[in-house]
Amino acid sequence: MSVASQDTAIRTGRVTRALIYLVLLLFALFYMLPLYVMVVNSVKPLDEITGGGMMNLPQAFTLEPWAKAWSSAQIGVDPTGLAPYFWNSIKMVVPAVVISTVLGALNGYVLTKWRFRGDTILFGLMLFACFIPFQIVLIPMARMLGMMGMAGTTWGLVLVHVVYGIGFTTLYFRNYYAVFPMELIRAAQIDGAGFFQIFWRILLPSSGPIAVVSIIWQFTNIWNDFLFGASFAGADSQPMTVALNNLVQSSTGVKEYNVHFAGAILAALPTLLVYIVAGRYFVRGLMAGSVKG
Amino acid sequence: MAQTADADFKTRLQSWLPKLVLSPSLAMVLVFVYGFIIFSVYLSFTDSRLLPSYGWVGWENYSKLWRLSHWEISLKNMGIFAALYITICTVLGLGLAIFLDQKVRAEGVIRTIYLYPMALSFIVTGTAWKWFLDPGIGLENVLQTWGWTSFEFDWIKNRNFAIYTVVLAAVWQTSGFVMAMFLAGLRGIDNEILKAAQMDGASNWNLYRRIIIPQLRPAFLSAFVILSHLAIKTFDLVIALTGGGPGRATELPATFMYSYTFSRNQMGIGAASATIMLMTIAAIMIPYLYAELREKK
């Protein structure tokens with residue numbers, strides 16, 4: 001099924017078309033509005049915002065708020081800016097995405113090409129795990145991380161994100177591999193290829209599209225997570241979202257809205273970039289994987 | 001002799017290998033998801049406060065929970081929020097998908113604009129809307145400086161209306177995603193049926209009402225399941241947008257659980273509220289997953 005171009009049989013008149021464009025345009029403005037507010041206000045001095053000019057373009061353009069948000073704004077007790085937290089997030093996201101995607105690929109491979117009794121139930125158990133309200137695991141998880149000596153560490157957060165992410169990655173790869181012809185696997189088996197050889201030589205080379213989906217999905221979810229970061233991170237492993245929230249909610253001193261907006265964009269940039277660069281592969285891969293399943 | 005034993009071992013290893021590869025993930029899920037669920041549900045029947053404790057108190061936490069006005073407000077807010085959020089996202093998503101499906105120009109650009117909020121963190125969304133809706137510097141102030149001096153829009157600071165600002169921000173974030181789901185559904189409908197119906201003189205309105213929308217049933221179902229579970233899990237958005245306030249006007253079960261467990265040291269009650277959240281989601285998800293997984297066999 002292709003999403004890009006399929007004709008619709010519906011015919012519309014001129015007035016209707018004009019109305020359609022008008023509505024689409026109005027909603028485009030609605031969706032762009034917060035981004036516009038964040039961008040223009042992150043490059044103007046504070047008094048232009050407090051003076052009622054939130055919607056105006058900056059009169060005195062300045063990158064000061066960006067510099068401050070990145071390297072000197074007060075986060076919690078220290079004036080460190082968001083930079084250290086940005087790196088905390090990177091250190092947490094990269095291993096968590098890689099590990100959960102690799103496990104998801106292997107699980108999907110087993111669940112479709114090496115089926116056994118009860119495999120659908122096991123998959124169902126893994127899938128349900130994606131949808132639980134995470135409040136139900138917060139208390140025991142905090143204790144478990146403490147017992148494992150991982151409380152407050154980046155690796156603790158990596159573990160948490162892998163555990164609660166493999167349901168989704170397994171789902172993606174399972175649906176994708178389900179339509180992969182079984183004949184190729186059988187032929188390889190007859191030629192004497194083993195479990196890992198088949199995976200490595202036959203399935204993996206054609207897994208690009210679904211790997212992209214899995215990576216984008218996991219990257220976005222883990223980067224944007226707040227609940228686990230707020231519950232389990234220590235002083236030197238706090239992710240970007242938690243730091244941004246601390247910056248915005250801090251009640252001491254003057255509220256520097258322009259710095260808050262710059263910080264919000266900094267927190268949004270990685271996922272926005274991923275979305276803009278690879279978003280189309282995401283939609284395409286998702287369709288290839290899930291619609292046929 | 002040794003060679004056959006070796007070969008035998010290899011075949012056996014090969015037959016065990018798939019299960020061996022699956023087992024670490026499975027073990028993690030069993031312990032960290034199902035084990036933890038059992039532990040939390042157990043805690044909800046104990047006298048745990050600051051730390052887990054194992055004194056059995058039966059249903060006491062639940063009866064306390066249902067007497068708390070804080071919990072009652074959270075549930076009422078959840079009702080308003082979930083009903084509006086799910087309805088508006090579905091209607092908007094379907095409407096925009098239908099409009100976007102009329103061979104419009106620059107469809108790719110428009111789709112990208114509608115979808116990008118999905119890539120953002122709720123903390124970012126909350127921050128942007130928090131200041132935009134703030135009467136002191138945001139919309140109200142802007143329109144007043146532009147000359148509309150009687151304009152008032154203080155919902156975010158108003159106990160009676162703050163919950164609707166949470167709806168607004170949440171709809172902004174997810175409606176594009178729902179639109180994409182419906183668009184995919186629309187693109188999957190067979191055009192021949194539509195053309196045949198047109199020949200018979202069916203109007204566009206009737207085409208949508210009688211043929212197209214009924215065929216989108218699976219998309220409606222997926223949208224409902226995804227939106228309802230997102231609604232119940234809503235946490236970060238409230239924290240960033242209103243912090244649960246003003247007063248308790250935007251408290252939801254997720255924020256209730258967090259504050260009772262971690263700042264009020266009422267872990268038993270917190271666990272009881274988490275259990276109720278889980279049961280609600282399970283009541284929606286389990287039938288859905290069961291039907292989905294059965295169909296695919």
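**Chains, domains and helices**

Modeller: The contact takes 82 residues from chain B and 74 residues from chain A, where two residues are in contact if their C-beta atoms, placed from the backbone, lie within 7 Å. Keep in mind this is a predicted model: local features need pLDDT of at least 70 and side-chain atom pairs count only at pLDDT 80 or more, while totals for chains, interfaces and linings use all residues. Residues are numbered from 1 along each chain as its sequence is written, and chains are lettered from A and ligands numbered from 1 in the order in which they are written.

Colleague: Which helix gives the largest share of the side of chain B that touches chain A?

Modeller: Helix α1 (residues 2–43) of chain B, with 17 residues. Helices here are DSSP runs (H or I, at least four residues; strands are E, at least two), numbered from the N terminus.

Colleague: And what's that side of chain B like by class?

Modeller: It has 54 nonpolar, 20 polar and eight charged residues. Ala, Val, Leu, Ile, Met, Phe, Trp, Tyr, Cys and Pro count as nonpolar, Asp, Glu, Lys and Arg as charged, and the others, Gly among them, as polar.

Colleague: Switching to chain A: what does the domain assignment give?

Modeller: Domain 1 (14–71) and domain 2 (84–290), with bounds from an automatic or database domain assignment. Their C-alpha centres lie 32 Å apart. Twelve residues from domain 1 of chain A and ten residues from domain 2 of chain A make the contact.

Colleague: Which helix supplies the largest share on the domain 1 side?

Modeller: α3(A), with five residues. That side of domain 1 of chain A divides into eight nonpolar, two polar and two charged residues.

Colleague: How do α4 and α11 of chain A cross?

Modeller: The axes of α4 (residues 83–113) and α11 (residues 208–224) of chain A come within 9 Å and cross at roughly 140°. Axes are lines fitted to C-alpha atoms, for helices over the stretch in contact, and angles run from 0 to 180 degrees between N-to-C directions. The contact includes Ser89(A) and Val93(A) of α4(A) and Phe219(A) and Trp223(A) of α11(A). By class, it has eight nonpolar, six polar and no charged residues.

Colleague: Last one: why is α5(B) called largely enclosed?

Modeller: Because twelve of its twelve residues are buried, Trp129(B), Lys130(B) and Trp131(B) among them. Buried means 20 or more other C-beta atoms, placed from the backbone, within 10 Å of a residue's own; exposed is 12 or fewer, partly exposed in between.
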